[in-house]
Amino acid sequence: MDNTLPAGSIMSPTNGSSVAANSNIIITGSALDVMKLDSAVLNIDAGALTPDVTPVIGSNYWTCTWNTTGFSGDVNIYLTVTDKAGNVYTTSTTTVTISTE
């Protein structure tokens with residue numbers, strides 16, 4: 001029986017940073033579990049950006065491209081990681097500011 005929560009993080013962009021408006025931003029992080037992951041879903045302002053982030057083959061790291069068009073001001077980003085046993089972990093929120101300059 002697997003009662004251990006998976007783990008995850010958002011490494012970039014960092015909390016409190018500014019990102020350009022109307023641009024493609026690369027978001028990176030990690031997702032891992034002692035057994036096997038089922039999914040890692042990146043959420044931006046409480047909406048799922050993609051069903052799954054793209055894993056970096058051979059590692060616990062992932063990357064995702066976010067187009068900031070249509071976003072403004074402070075935007076909240078978090079990752080929800082679920083393992084095959086149904087254990088769920090949600091990262092703390094990373095807040096970035098969309099910069100129009």
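## Surface and burial

The accessible surface of the chain comes to about 5700 Å². Carbon and sulfur atoms account for 52% of that surface. The model is predicted. The chain has 101 residues, and buried residues make up 37% of them.

## Strands along the chain

The secondary structure comes to 0 helices and 10 strands. Read along the sequence, the pattern is β-β-β-β-β-β-β-β-β-β.

Take the contacts between residues at least 6 apart in sequence: 64% of them join residues at least 24 apart.

## The nonpolar core

The largest nonpolar core holds 18 residues. Which of them touch the most other members? They are Ile10, Ile27, Leu42, Trp62, Trp66, Ile77 and Leu79.

At least two residues come from each of β3 (24-32), β4 (37-44), β7 (61-67), β8 (73-83) and β10. The largest share, 4 residues, belongs to β8.

## An aromatic pair

The count of aromatic pairs comes to 1. Its members are Trp66 and Phe71, with ring centres 5.3 Å apart. Their planes stand at 80°, over the 60 degrees that edge-to-face requires, so the pair is edge-to-face.

The two partners differ in cover. Trp66 has 0% relative accessibility, so Trp66 counts as buried. Phe71 has 27% and therefore counts as partly exposed. Trp66 is also among the core residues that touch the most other members.

Strand β10 spans residues 94-99. Its side chains alternate. Thr94, Val96 and Ile98 point to one face and are buried.

Strand β10 pairs with β2 (residues 18-20) in the parallel sense, over 3 bridges. Here Val19 stands opposite Ile98. Strand β10 also pairs with β8. These two run antiparallel and are joined by 5 bridges. In β10, Thr95 has Asn76 opposite.

Where does Thr91 sit? Thr91 lies in the loop between β9 (88-90) and β10 (94-99). Is this residue buried or exposed? Thr91 has 8% relative accessibility, which is under the 20% cut-off, so Thr91 counts as buried.

What does Thr91 touch, leaving aside its neighbours within four places in sequence? The contacts are Gly8, Ser9, Ile10, Tyr78 and Leu79. Gly8 is 83 residues from Thr91 in sequence. In space, their C-alpha atoms are 6.3 Å apart.

Conventions
Residues are numbered from 1 along each chain as its sequence is written. This is a predicted model: local features need pLDDT of at least 70, side-chain atom pairs count only at pLDDT 80 or more; totals for chains, interfaces and linings use all residues. Side-chain values use heavy atoms; hydrogens and water are left out. Buried means under 20% relative accessible area, exposed over 50%, partly exposed in between (1.4 Å probe, protein chains only). Contact means heavy atoms within 4.5 Å. Accessible areas come from the Shrake-Rupley method with a 1.4 Å probe; for residues, only the protein chains shown count as cover. A nonpolar core is a set of buried Ala, Val, Leu, Ile, Met, Phe, Trp, Tyr and Cys residues joined through side-chain atoms within 4.5 Å. Rings of Phe, Tyr and Trp (its six-membered ring) pair if their centres lie within 6.5 Å; planes under 30 degrees apart count as stacked, over 60 as edge-to-face and the rest as tilted. Two strands pair if DSSP finds at least two bridges between them.
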